[in-house]
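Subject: Structure handover and what was found

Dear colleague,

Please find the structure below, with notes to read beside it.

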Amino acid sequence: KASGSALSGVAHPLMGAARTSAAKAMRTHSVRVLVASAWNFLSFSAPLSWVPSTTALDHQSGAAVELTKESFDVHVQQELAAGSACLVMFHVNWCKVCVKTFPKFAAAASLVERREIGMRFAHVDCTDDKVLCQRFGVQGYPTIKLFLPGGDMAAPLQYRTQRTEEGFVKYAERMMRPPILQMSSAGDVEQLMQDESYASFIAIAGSATEAPSGFGTAASTWRDRHIFAVAKAWADVLPKEALGSNSTTRGATLVVFSSGAQQWPGAERSAKAGPAVEYFVGDDDDAEVIGEWVAKHRFPGIWSLSDGNFYEFTHSGRRVVMVIVDPAAVTRSQEKNIRSVAHSLRSDYIFGVVDGVAWAEELADFNIRTSELPRVMVTEKDFEAWYEDSEILTLDALEQELNALTAGTSTILRQSRSAGSRLMFYKREIVRWTVWLRRYSHRGPKELAIALSLTVGVVALIASLGWCLGACCRVLLEDDSNVGVDSSAKARSPRHTKRD
């Protein structure tokens, strides 16, 4: 104890320097965390994680073969030579999405093998060896690529559908059948459309081999997500409610067909929704024209949005109108208005309906609450930006405001995930709250007193938060160069005694 007490009173210079360095490091880290937290709060980002996931990816891969840079080319070339396609997942063991996706990928590999679909699954661990990932341009994890027999091995197809066991199996079935199918009856269409997430495209031709060249090019591009088929006549394969009038179908050589199961049922939730169609009249041998038409008309009608189609719908390259409703509270007049606007503006927007009760937690991040339903949200640039405004963008003014957005004259705030956009959002809400408070104070003396109390309380709260933040920053950023030195100097300096 004596020794300890003596040492505790003498600060070694190195100990002081170490303490200084540690203090600086801790405060620097604290500042970084503080700044990062503030930035995440302002930018709608996910919470910051300083430590990457250490959960190792389970390599119980079953029928999914693990490949390395030494075995990759030999394995893939052998499978392609045997007529099998090869679906390869590139992953790393610290990626949480990879850890979640890989068991589904492995389970699908076994199921596809048992069904003898003709596609083989493999995976590459890029954690320590990134040679293959760099070779195939992998920029994020997981990345999944498909190598097809007869295709260019240096340019595999990108996997762009659902990362679920069912999604992988459906993808294998779709990619191993001919790009263009033959349909002869409405029963064929109904059977093929079962459990389909997206619309189908049907062209008029005697057989798949006689399909227009532009249609064939589009099928090769979009076959991973859409069914492409040919039929001899519309009446042979389409339901009566999809045929329309003769003037609608006259001269049409291509149709996009969305089944009733994909469409919004409207106010009568128990009723079966009707199908939605759009017809193409033009040169179906022109690959560029057909490609542009297909890309624009992938989502006809008003879609019922769910986990299975939401991402593709909002990342379709189109402006998206999402009407968020309480399914149990939709009125017939609201349904009529939504359908009227969707039909009028279908060339400028695609329309979908979201269950605001089921998705309440996710929608709260976009300032949409169940107590305010129905609400409208417009997204653009593949959900990089969006518009929402409970006072301006309403169902009653929907067509007017969408036309203003199209013309570029809308006053609705354009929001994004940037910090500047979040600040503008807060500015809008503060201004509206101030206007409301002013109107409330004019109701009478009691309301005026309440308004003044609220104003004083808010100002005091903001001032307190500002003072606390400033104090924290001063403490965190203060100069620690003299920490430990003063005590060392005091220990070395001689004691001065007062002369008699």
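Helices (H or I, at least four residues) and strands (E, at least two) are DSSP runs, and both are numbered from the N terminus. What follows rests on a predicted model, in which local features need pLDDT of at least 70 and side-chain atom pairs count only at pLDDT 80 or more, while totals for chains, interfaces and linings use all residues. Residues are numbered from 1 along each chain as its sequence is written, and side-chain values use heavy atoms, with hydrogens and water left out.

Backbone

In general, most residues other than glycine have a negative phi, and most peptide bonds are trans. With that in mind, Asp 195, which is not a glycine, has a positive phi of about 65 degrees, and this residue sits in the loop between α7 (186–193) and β7 (200–204). Asn 367 is likewise not a glycine and has a positive phi of about 65 degrees; its place is the loop between α15 and β14. Are these residues buried or exposed? Asp 195 is exposed because its relative accessible area is 62%, whereas Asn 367 counts as buried because its relative accessibility is 13%.

Two peptide bonds also deserve a look. The bond from Tyr 141 to Pro 142 is cis, with omega near -5 degrees, and Pro 142 belongs to the loop between α5 and β4. Leu 373 and Pro 374 are joined by a cis peptide bond as well, with omega about 0 degrees, and Pro 374 lies in the loop between α15 (360–364) and β14 (375–380).

Cysteines

A disulfide is a covalent bond between the sulfur atoms of two cysteines, and here the term is applied to a pair of cysteine sulfur atoms within 2.5 Å. The structure holds 1 disulfide, formed by Cys 126 and Cys 133, whose sulfur atoms are 1.7 Å apart; both of these cysteines are buried. Cys 472 is partly exposed, as its relative accessible area is 42%, while Cys 95, at 8% relative accessibility, counts as buried.

Nonpolar cores

In soluble globular proteins, nonpolar side chains tend to be buried together. A nonpolar core is taken here as a set of buried Ala, Val, Leu, Ile, Met, Phe, Trp, Tyr and Cys residues joined through side-chain atoms within 4.5 Å. The largest nonpolar core has 41 residues, and those that touch the most other members are Phe 72, Leu 87, Phe 90, Phe 105, Met 119, Phe 121 and Phe 147. Among the elements that each supply at least two residues of this core are α3 (72–81), β2 (85–91) and β3 (119–125), and the largest share, 8 residues, comes from α4. Leaving aside its neighbours within four places in sequence, Phe 72 is in contact (heavy atoms within 4.5 Å) with residues including Leu 67, Val 88, Phe 90, Leu 132 and Phe 147. Apart from this core lies another, of 37 residues, with Phe 201, Ala 205, Ala 211 and Phe 299 among them.

Pockets

A pocket is found on a 1 Å grid over the protein atoms alone, as an open set of points with protein on both sides within 12 Å along at least five of seven lines, and its lining residues have an atom within 4 Å of a point. Grid points are joined across faces, edges and corners, and a volume is the space filled by probe spheres set on the points.

The largest pocket holds about 800 Å³ of space. Its lining has 19 residues, of which Gln 162, Arg 163, Thr 164, Asp 307 and Tyr 311 lie nearest the centre. Two or more lining residues come from each of α4 (96–115) and α13 (310–314), and α4 gives the most, with 4 residues.

The second largest pocket has a volume of about 670 Å³. It is lined by 29 residues, and Ala 276, Val 277, Glu 278, Gly 301 and His 343 are the closest to its centre. The largest share of this lining, 4 residues, comes from β10.

With best wishes

Note on methods:
Buried < 20%, exposed > 50% of the residue type's maximum accessible area, 1.4 Å probe, protein only. 1 Å grid on protein atoms, 1.4 Å probe; cavity = no way out; pocket = protein on both sides within 12 Å on 5 of 7 lines; lining within 4 Å.
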